[in-house]
Amino acid sequence: MIKQEFSSKPRTNKVINLETDFVVAGGGLTGVCAAITAARAGTKVVLVQDRPVLGGNASSEVRVWALGATSHMGNNNRWSREGGVIDEIMLENLYTNKDGNPIYFDIILLDKVVAETNITLLLNTAAYQVNKSSDTTISSIHAFCSQSSAQYVISADLFCDATGDGIVGFNAGASFRIGAESSNEFNEQLAGEVESNQLLGHTLFFYSKKVDHPVKYTAPAFAYTHEQIGALPRSKNIHGDDSGIKFWWVEYGGVRDTIYETEEIKWELWKIVYGIWDYIKNSGKFEDTENLTLEWVGTVPGKRESRRFNGEYMLKQQDIVEQKLFFDAVSFGGWAIDIHPSEGVFSDKPACSQFHSKGVYQIPYRCFLSKDIDNLFFAGRNISASHIAYGSTRVMITCAHGGQAVGEAAAMCKQFALKPKALLATEQMTQLQQRLNLSGHGIPGVPINPESNKATNANICVSSELALEQFTPQDDYLLLNQSAAQLVPLEAGAAPKITVSVKALKDTSLTCELRTSQKTENYTPEVVLQSTSKQIAAGLHTVAFDFSESNVSEQYAFFCFLANENIEIQTSNQRVTGVMTVYNKVHKAVSNNGAQEAPSGSGIDSFEFWTPTRRPAGYNMAMSFSPPLKIFSKDQVVNGHLRPWLRSNAWVADYVDKNPMLRLEWDHDIVINGITLFFDCDYDHALETVLMEHPESRIPFCIKSYRIMTLQGEVIAEVKDNYQTVNRIELARPVRTSALVLQVEHPSEDVPAAIYEVQVW
């Protein structure tokens with residue numbers, strides 16, 4: 001029993017002092033990935049989160065689906081989904097939560113964090129002040145737990161501000177900016193002529209569902225009336241069966257202070273949301289709403305923009321559009337430059353303007369470093385980027401990917417007693433990039449250094465290599481009502497001859513073009529190497545196109561069949577790693593109208609979009625190649641690339657190989673401590689976390705079952721239910737052998753076994 005007498009002086013809350021290596025303030029996807037990465041590298045981490053759950057805008061409190069460079073598979077960024085820890089999380093969510101339940105996603109994030117013994121997680125705990133040991137050094141942060149009334153003083157050598165609003169950086173005195181730069185500050189042509197205080201606003205979502213009986217709804221008195229909702233410029237966007245993030249355009253606050261006036265902005269959004277629901281239920285303008293009920297309304301708005309801090313480099317529009325290469329690249333982006341009118345739902349302008357680049361772009365380490373505070377990282381939407389560039393970097397999976405880079409950098413700083421800026425030295429930066437890539441992180445154009453891989457010195461033998469001669473036909477046909485292309489990697493030299501089976505609905509002509517990208521690493525088919533047309537009589541035909549007079553670089557090529565509604569092309573059930581069919585189609589969700597027409601003087605490129613169709617659709621064309629494409633060689637498992645980049649970068653076994661096997665042989669015994677395998681979990685497939693349902697719980701290209709043995713037949717690892725990209729096998733004891741044998745199973749009869757990389761250490 002506790003009894004305390006009256007005190008004439010105010011009491012103070014309990015103070016808990018914590019000492020750690022690395023403090024991560026902010027438990028959104030960015031902070032989660034930073035904390036997990038640092039913890040796995042042996043760094044003690046305190047993760048401070050001001051909400052009761054992790055995930056930030058991706059959590060059940062806000063319910064925004066998390067996306068990054070893949071967009072909704074509506075841009076030209078093929079195989080661009082972010083790797084590493086966020087890939088692991090997204091694949092876990094797919095496996096256990098393919099229906100997109102936001103509560104389940106909360107659980108996955110909590111489970112991942114608490115599994116790391118090096119992480120101390122403080123939920124419902126808000127960082128609110130810092131202490132400094134010098135003008136440029138943070139010594140500790142203060143945080144308050146709203147549930148326990150405990151006050152924390154957390155001391156560390158390193159800090160990461162992943163709070164979104166940048167509360168740690170702000171209190172530490174770091175320089176920042178809020179608003180939009182003028183065009184002449186960074187020569188950004190999309191920017192306005194004068195700088196402004198305009199921002200992207202907040203959005204608050206709601207969920208509805210249909211029940212088996214009528215449900216009455218009475219709007220609260222504070223909600224907007226039918227007349228007020230109907231007068232909104234975007235009222236035409238309201239659909240009675242929409243729910244959740246499909247109301248992303250219900251945005252407000254960009255003309256206000258998005259930090260200090262967040263509560264006022266939330267109340268305005270509540271007025272709008274409850275008014276919209278009343279409009280749907282009771283205005284009489286929508287059909288079949290009688291049994292609809294309001295299942296959930298957000299209490300925390302999804303915040304898009306507030307502070308951006310000044311780093312050692314500020315990312316600009318040109319860096320994104322021109323795909324600038326950086327010596328210190330540690331992350332990448334690919335979402336469009338996505339700018340919204342600051343008036344939000346009250347604006348008569350389009351709800352957003354998305355300007356895509358032709359491919360992904362690198363993000364340098366310098367964007368994550370405070371220019372002013374020596375031991376402070378930034379991660380998430382507060383990194384060093386202009387307002388225009390921020391329109392792309394702000395999306396959650398891009399932010400999370402950068403969070404992993406910060407976590408790995410912090411671990412290196414702790415291990416070698418370095419300050420964050422010291423990692424900009426060539427040797428340290430190379431090591432940071434290597435450590436990131438060994439986790440499957442994936443930095444465009446930066447492969448794993450082969451020197452660390454004992455498999456590089458081995459003789460590689462395989463049971464088979466797929467020579468892509470033909471996709472076996474099925475009974476279905478693809479109507480060519482939009483232009484379609486088979487996208488395949490080609491070796492440098494003469495292009496192959498191709499053959500397709502077609503059904504002509506009447507006498508017509510079929511045009512096929514061989515196209516490539518100006519930048520060999522891109523997937524925008526802007527260069528037409530050869531165009532050939534064939535007259536086709538009505539009926540079934542096998543049609544050949546000879547492109548052997550065209551020379552190509554080592555890169556991906558498009559065999560493009562131009563739209564013709566009188567032609568159907570036979571398709572195949574077979575799917576192969578690093579090969580797909582794409583279409584010159586419209587995808588309104590990402591401002592894709594088939595082509596991007598750049599406004600005059602915008603500094604944006606005009607080009608066509610050629611994008612895939614989501615599974616279970618999106619079959620390959622039943623195309624044959626002469627000579628067969630030898631693009632899946634065994635040597636690619638040690639080339640350091642973990643996804644398609646100029647070529648497939650994968651070993652793929654032949655379909656007819658009943659027991660696919662890869663063997664590594666050395667000329668003497670070596671000591672093996674572990675093996676890391678990098679499988680194909682289809683980096684092209686977007687894995688939206690909530691609201692959207694996915695047709696599968698595991699990626700169909702991913703090897704599910706495998707066994708690793710020594711030359712003597714000792715089984716050192718066996719896995720039967722894999723669904724993850726990266727499989728790191730740390731042996732309980734070192735093994736001495738002169739050979740390793742990897743036996744794998746085909747994922748299915750239509751998908752042959754594929755491996756991107758084998759690392760032996």
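How many salt bridges does the structure hold? The structure holds 39, a salt bridge being a side-chain nitrogen of Lys or Arg within 4 Å of a carboxyl oxygen of Asp or Glu. This is a predicted model: local features need pLDDT of at least 70, side-chain atom pairs count only at pLDDT 80 or more, and totals for chains, interfaces and linings use all residues. Residues are numbered from 1 along each chain as its sequence is written, and side-chain values use heavy atoms, with hydrogens and water left out.

**Salt bridges**

- Aspartate 21 and lysine 414 pair through their side chains in a salt bridge, at 3.2 Å from N to O. The pair links distant parts of the chain, 393 residues apart. Aspartate 21 sits in the loop between strand 1 (15-19) and strand 2 (22-25), and lysine 414 in helix 10 (residues 396-416). Helices (H or I, at least four residues) and strands (E, at least two) are DSSP runs, numbered from the N terminus.
- Aspartate 21 is buried, at 13% relative accessibility. Lysine 414 is partly exposed, at 35%. Buried means under 20% relative accessible area, exposed over 50%, and partly exposed in between (1.4 Å probe, protein chains only).
- Glutamate 696 and arginine 615 form a salt bridge at 2.6 Å, N to O. This pair also links distant parts of the chain, 81 residues apart. Glutamate 696 is in the loop between strand 39 (661-679) and strand 40 (706-710), while arginine 615 is in the loop between strand 35 (607-608) and strand 36 (620-621).
- Glutamate 696 is buried at 15% relative accessibility, and arginine 615 is buried at 10%.
- Arginine 707 and glutamate 718 meet in a salt bridge of 3.2 Å, N to O. Arginine 707 lies in strand 40 and glutamate 718 in strand 41 (residues 715-719), 11 residues apart.
- Arginine 707 is partly exposed, with a relative accessible area of 31%. Glutamate 718 is partly exposed too, at 39%.

**Second largest pocket**

- The second largest pocket holds about 760 Å³ of space. On a 1 Å grid over the protein atoms alone, a pocket is an open set of points with protein on both sides within 12 Å along at least five of seven lines; a cavity is a set where a 1.4 Å probe fits but cannot get out; lining residues have an atom within 4 Å of a point.
- The second largest pocket is lined by 21 residues, and those closest to its centre are Arg40, Leu438, Ser439, Val726 and Arg728.
- Helix 1 (29-40), helix 2 (85-96), helix 10, helix 11 (426-438) and strand 42 (726-744) each give at least two residues to this lining.
- By class, the lining has 5 nonpolar, 10 polar and 6 charged residues. Ala, Val, Leu, Ile, Met, Phe, Trp, Tyr, Cys and Pro count as nonpolar, Asp, Glu, Lys and Arg as charged, and the others, Gly among them, as polar.

**Cavities**

- There are 4 cavities of 30 Å³ or more in the structure.
- The largest cavity holds about 230 Å³ of space. A volume is the space filled by probe spheres set on the grid points, which are joined across faces, edges and corners.
- Of the 21 residues lining the largest cavity, Arg575, Met580, Arg615, Asp682 and Phe701 lie nearest its centre.
- The lining of the largest cavity divides into 9 nonpolar, 6 polar and 6 charged residues.
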